[in-house]
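Hello,

Here is the structure I promised to pass on to you. Please open it and keep it beside this email as you read.

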Amino acid sequence: MEMQYKQEFANALIQVLGEALTEENITVMIEKPKFNSLGDLAFPCFELAKHYRKSPNSIAEEIANKIDLKIAYKVEPVGGYINVFLKKELVSMFTISKILKEGEQYGSSPNTNKVMTIDLSSPNIAKPFSMGHLRSTVIGNSLALIAEKQGYQVVRINHLGDWGTQFGKLIVAYDMWGNEEKVKKSPIKELLALYVKFHVEADSDPTLNDLGRAAFKKLEEGDEGTIELWKWFREESLNEFMKIYDRLGIPFDSYHGEAFYNDKMESVVEELKEKGLLVESDAAQVVEVENFPPCLIKKSDGTTLYATRDLAAAIYRQEKYHFDKSLYVVGNEQTLHFKQLFTVLQKMGYQWQEGMAHVPFGMILKDGKKMSTRKGKVVLLEEVIKEAIQLALTNIEEKNPNLDNKEEIANQVGVGAIIFHDLKSYRLNDIEFSLEDMLRFEGETGPYVQYTHARAASLLKKGNYSFKEDNQPNLLDEEAWPIIKLLFSFPEVIGKALDDYDPSQIAKTLLEISKAFNKYYAAVKILDEDQLYNRLSLVSAVKIVLKEGLNLLGIQAPEQM
RNA sequence: GUCCCAGUAGCUCAGCAGGAUAGAGCAACAGCCUUCUAAGCUGUGGGUCGGGAGUUCGAAUCUCUCCUGGGACGCCA
């Protein structure tokens, strides 16, 4: 909707300006004034000053006088800008009616046949689900939801880290120090302990690393005993992960991990050979990549690597899903790997690789340093979730003890706090881990937005509101205007969030809407006889957008809390 | 050593296809529940936008350089 108003303003400018600037230029130059007193849209005349060789001030004045804009009640030149003041009643009515009519469809684009695969979460088997994997999981899931809203057919792929030398190491560790009963009792904890011990011991005895590599070779060659062990580790781990995905409410369409591609790599290696891309280097097989270090395809002992599996996976996914876009929500530190991967695919002649993108994100730091699984320096997500839910429950007992389904709401609020905390800041920022911040329910947090939504729901219930399509709401409250502006820009925010692969833009808008609404709530008596229908129409529109926005982040919007 | 990312209030961050007076939240302090959920609202204090140079009518935003932190750099993923 916002675009429409800009467009109308741009058209009006063109009428006056003629060919001094192109339409496209004008549209991007239109900005939002920094202060409410300066109106709703603005056009800077400094560029034109060069063109006309006049002062920006006089140009602005000249244009403002000539401009004819139906949607504005005032067009005012100020300090070289042309400021447009939209007709509040008219725009409010349009905006609210549109949202109420469209409901949760507000901001949606029609379905397309375009397919987007998203590689997300992808935890490593036999390791605990860390805070780092949380980022990939919630960012990826939100992008999936946003893409669906924009009409994509989305395939969520959990590319489990269930293969690789790490398993050789783990198997060696288990053979040397493992205890079956202990592992059965608490698999993740015990396996992690073994993994950490392995690295501690390997520091003083490097031959352990050779043993690990040898064990992995056995695994890749199909040694039965080794495979049994691997299967067991994998299953126990997946069970643990499923608990977390259930809590977060995140579904997957595929759990094909790295191991799934074991029998699909040889043909890729053959293909690379046929296309003359594979070269030997220090007894390893590599593909040379311009401007980057070469991409390793096979180690000198003949076993495969991460890149080999990712190549096979990319080709498999294209064959199976025919994706138009394929995202990899994977940490910042793997940027080089993806550049290599995409380049190799390009050299193989696969045009579809143009639709692939690495969506990197910053690390979770502890004391300014990367958390390392190998040293056992991890924070367990499960513990954090439990604490958040517990805290939410305590809050409910204190603030709303008569609430019906306390457990369920506490779940939604606790989990919402964690997800929102992760999504509200730009994904490339590193995050210093802070339990205190994650468990904060006041200020710019998920629970704050949820609370605002619950307030709106409560008002609608008390006011017994229902929308009648033939009764156009008319809003006269000056205090409502900031809310209206945010509401009509929401569809553009969704579009930009997808273009930038950046859910934080939605989170930020939700915060702004919440702040504006709570301000309104404090200033205006909503359940007032005379204005009841008009005001509740606004409340209903706010509720719709908040709920839809939270849902796009993968967060529930409880009716009460 | 080479390459990438970041540096804005005490803390966490927003603003960055250049634009009008650099904004929030937290923390601190002072107010607001006989009115619709106080997980809320209002107010106060707090800034050489890492340093320097350049481009421009105009730079937190673009370029260069330096400093600081982090990460990546063939047989891990």
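Below are some notes on a sheet and on the surroundings of the RNA.

This is a predicted model, in which local features need pLDDT of at least 70 and side-chain atom pairs count only at pLDDT 80 or more, while totals for chains, interfaces and linings use all residues. Residues are numbered from 1 along each chain as its sequence is written, chains are lettered from A and ligands numbered from 1 in the order in which they are written, and side-chain values use heavy atoms, leaving out hydrogens and water.

Let's start with the sheet. Strands pair if DSSP finds at least two bridges between them. Strand 4 (residues 115–119) and strand 9 (residues 325–329) are joined by 4 bridges, and Thr-117 stands opposite Ser-326 in strand 9.

Now for the RNA. Around RNA strand B there are 66 residues, and Tyr-81, Ser-281, Lys-299, Tyr-451 and Lys-515 come nearest; a residue is near if one of its heavy atoms lies within 4 Å. Of the RNA strand B atoms within 4 Å of the protein, 59% belong to sugar or phosphate and the rest to bases. A phosphate oxygen is 2.9 Å from a side-chain N or O atom of Ser-458, and a base nitrogen is 3.1 Å from a polar backbone atom of Met-561. Such polar contacts are pairs of N or O atoms within 3.5 Å; within protein, one must be able to donate a hydrogen and the other to accept it, and residues adjacent in sequence count only if both atoms are side-chain atoms.

Happy exploring!

Terms used:
Helix = DSSP H or I, 4+ residues; strand = E, 2+ residues; numbered from the N terminus.
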